Amino acid sequence: MPKRLRLTRRFPAAMTNDAYRALQRFAGEAGISPDEALSFLFENFGSVTDHDNLTHRLRLFKSELEDRKA
């Protein structure tokens with residue numbers, strides 16, 4: 001029997017316009033709500049990401065972070 005999807009945790013999340021658009025696009029293509037899309041991505045994080053690519057992208061993001069905040 002599948003686990004019941006209960007969206008019991010809420011948190012305010014700020015994101016860039018690009019991230020928001022990507023989330024909306026992913027949710028729309030998948031036919032689910034943005035809340036459900038975030039739940040899916042985080043519940044399956046290890047299997048939907050490539051560890052080496054994630055590490056590289058995170059390093060790039062962190063190196064540009066201070067400039068992006070300005």
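Residues are numbered from 1 along each chain as its sequence is written, and side-chain values use heavy atoms, with hydrogens and water left out. Because the model is predicted, local features need pLDDT of at least 70 and side-chain atom pairs count only at pLDDT 80 or more, whereas totals for chains, interfaces and linings use all residues.

Helices are DSSP runs of H or I with at least four residues, and strands are runs of E with at least two, numbered from the N terminus. The expected span of a helix is 1.5 Å times one less than its number of residues. For the 14 residues of α1 this gives 20 Å, and the end C-alpha atoms are 20 Å apart, which agrees. Just after α1, Gly31 takes a positive phi of about 75°. Helix α4 (residues 51-69) holds 19 residues and reaches 26 Å from its first C-alpha to its last, close to the 27 Å expected. A kink of about 35° is centred on Ser63 in α4; the bend at a residue is the angle between axes fitted to the seven residues ending there and the seven starting there.

Turning to the aromatic side chains, rings of Phe, Tyr and Trp (its six-membered ring) pair if their centres lie within 6.5 Å, and planes under 30 degrees apart count as stacked, over 60 as edge-to-face and the rest as tilted. The count by this rule is two aromatic pairs. The rings of Phe26 and Phe40 are stacked, because their centres are 6.2 Å apart and their planes lie at 25°. This pair links distant parts of the chain, with Phe26 in helix α1 (residues 17-30) and Phe40 in helix α2 (residues 34-43), 14 residues apart. Relative accessible area sorts residues into buried (under 20%), exposed (over 50%) and partly exposed (in between), using a 1.4 Å probe and protein chains only. Phe26 is partly exposed at 28%, and Phe40 is partly exposed at 36%. The rings of Phe42 and Phe45 have centres 6.4 Å apart and planes at 10°, so this pair is stacked. Here Phe42 counts as exposed at 59%, while Phe45 is partly exposed at 38%.

The pocket search used a 1 Å grid over the protein atoms alone: a pocket is an open set of points where a 1.4 Å probe fits, with protein on both sides within 12 Å along at least five of seven lines, and lining residues have an atom within 4 Å of a point. Grid points are joined across faces, edges and corners, and a volume is the space filled by probe spheres set on the points. The largest pocket has a volume of about 1,000 Å³. Its lining has 27 residues, of which Thr16, Ala19, Ala22, Leu54 and Phe61 lie nearest the centre. The elements giving two or more residues to this lining are α1, α2, α3 (45-48) and α4, and the largest share, eight residues, comes from α4.

Asp35 lies in helix α2 and is partly exposed at 42%. Leaving aside residues up to four places away in sequence, Asp35 touches Leu7 and Arg10, where contact means heavy atoms within 4.5 Å. Ser47, in helix α3, is exposed at 62%. Lys3 lies in the segment before α1 and is exposed at 75%.
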